[in-house]
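Please read the following points alongside the sequence and the coordinates. They are meant as a colleague's note, taken one topic at a time.

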Amino acid sequence: MPSLGLITLLFFVSGVIRASGRSRGWRPPFKPRYRISPIDGSKIALPTKEQLAFQDREIGALIHFDVATWLSIDGCNSDPSLVPNASLFDPTLINTNQWFDSVTSLGVKYAALAVKHYCGFASWPSQVTFPTRHGNQRIRYNYTTTDSPLDGLDVAKEFVDSAREYNVGHGSYYSVVVNNFLNAQKSRVRTSKLSPGRVGITNATCNQIVLDQLSEL
C-alpha cells in the first residue's frame, strides 16, 4: 500500500464535503463547468455546488488543543525527537461549549479540531493496537488521553457534541505527515535510533494505524 502520508487529512462530517460512487474507488468523470466572458470570449470557471456551499460558510476555525499546548515552544513542529510526556495534558477544566461560544460570536460556521498533530498525541481514548517493528510484541497506541491525568476523556467527542449543539459544521484534522511518537517524519518511519517515548514500527504498520484511528474517529 502506498504511503498515506502524502497528504494531511482534513475531513468534515457536516456534509459540506462528501464522497460518492457506485463502488469503492469509482468516481464519475469530472466535467468542468464554465461560462464565456462577454468581454473577450475567454472561459471563466464556475464553482461546483459543493464549493459554493463551502464558500457560503465564510468563516471557519481550526482549534489546536493537545499535549503541546503545555510547551513553551511551537509544539513538536521543529523537533523530531520531542515526545512530550502525556502527563502534561492536565487541564483544570475542559468546556467545549465555551469554545463554541467564542467562535460563534465571531461568526464561525464550521470548525475543525486537531485530534492528532505532530507530537502524535491522540485527543481521544484510542484503542488501536499494533505490532512493534520486529513483530514480537503487540501494544496499544499508548499516547492518548487514556494515558494522561484525564484518564480517557474523549475531547474529540466532546468537541463534536458541542458543535452539534451549536449547529456548527465540524470536522477533524489528523496529520499523517509527522508523528513523533511513531518516529515518522515526512510521511516515512525513520530508521534512526529511537529517542525516549517512541516506539519502533514499520511503514506498513504506520499506515495501518492511520487507517484504524480514522475509522475510530
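In what order do the elements of the protein run from the N terminus on?

1. Overall layout. The elements run β-β-β-α-β-α-β-β-β-α-β-β-β-α from the N terminus on, which gives the protein four helices and 10 strands; helices (H or I, at least four residues) and strands (E, at least two) are DSSP runs, numbered from the N terminus. This is a predicted model, in which local features need pLDDT of at least 70 and side-chain atom pairs count only at pLDDT 80 or more, while totals for chains, interfaces and linings use all residues. Residues are numbered from 1 along each chain as its sequence is written, and side-chain values use heavy atoms, with hydrogens and water left out.

2. Of the 217 residues in the protein, 39% are buried, where buried means under 20% relative accessible area, exposed over 50%, and partly exposed in between (1.4 Å probe, protein chains only). Among contacts (heavy atoms within 4.5 Å) with a separation of 6 or more, 66% are between residues 24 or more positions apart. The protein exposes about 12900 Å², and carbon and sulfur atoms supply 52% of that area, as computed by the Shrake-Rupley method with a 1.4 Å probe.

3. The largest nonpolar core. This core has 41 residues, and those with the most contacts inside it are Trp99, Phe100, Phe130, Tyr141, Tyr143, Leu182 and Ile201; a nonpolar core is a set of buried Ala, Val, Leu, Ile, Met, Phe, Trp, Tyr and Cys residues joined through side-chain atoms within 4.5 Å. At least two residues of the core come from each of strand 4 (60–64), helix 2 (96–106), strand 5 (110–116), helix 3 (155–165) and helix 4 (203–216), and helix 3 gives the most, with four residues. Leaving aside neighbours within four places in sequence, Phe100 is in contact with Ala111, Phe159, Ser162, Ala163, Tyr166 and Val168.

4. A polar atom of the Asp66 side chain does, however, lie 2.9 Å from the backbone nitrogen of Ala68. Leaving aside neighbours within four places in sequence, Asp66 is also in contact with Phe89, His117 and Phe121.

5. Salt bridges. The structure holds two salt bridges, each being a side-chain nitrogen of Lys or Arg within 4 Å of a carboxyl oxygen of Asp or Glu. One joins Arg140 and Asp147 (2.6 Å, N to O), with Arg140 partly exposed at a relative accessible area of 26% and Asp147 partly exposed at 27%. The other joins Asp161 and Lys157 (2.8 Å, N to O), which are separated by about one helical turn because they are four residues apart in helix 3.

6. Positive phi values. Most residues other than glycine have a negative phi. Asp151, in the loop between strand 7 (138–140) and helix 3, has a positive phi near 55° and is exposed, with a relative accessible area of 62%. Ser187, in the loop between strand 9 (184–185) and strand 10 (188–189), has a positive phi of about 75° but counts as buried at 17% relative accessibility.

Terms used: Polar contact = N/O pair within 3.5 Å; in protein donor to acceptor, adjacent residues only side chain to side chain.
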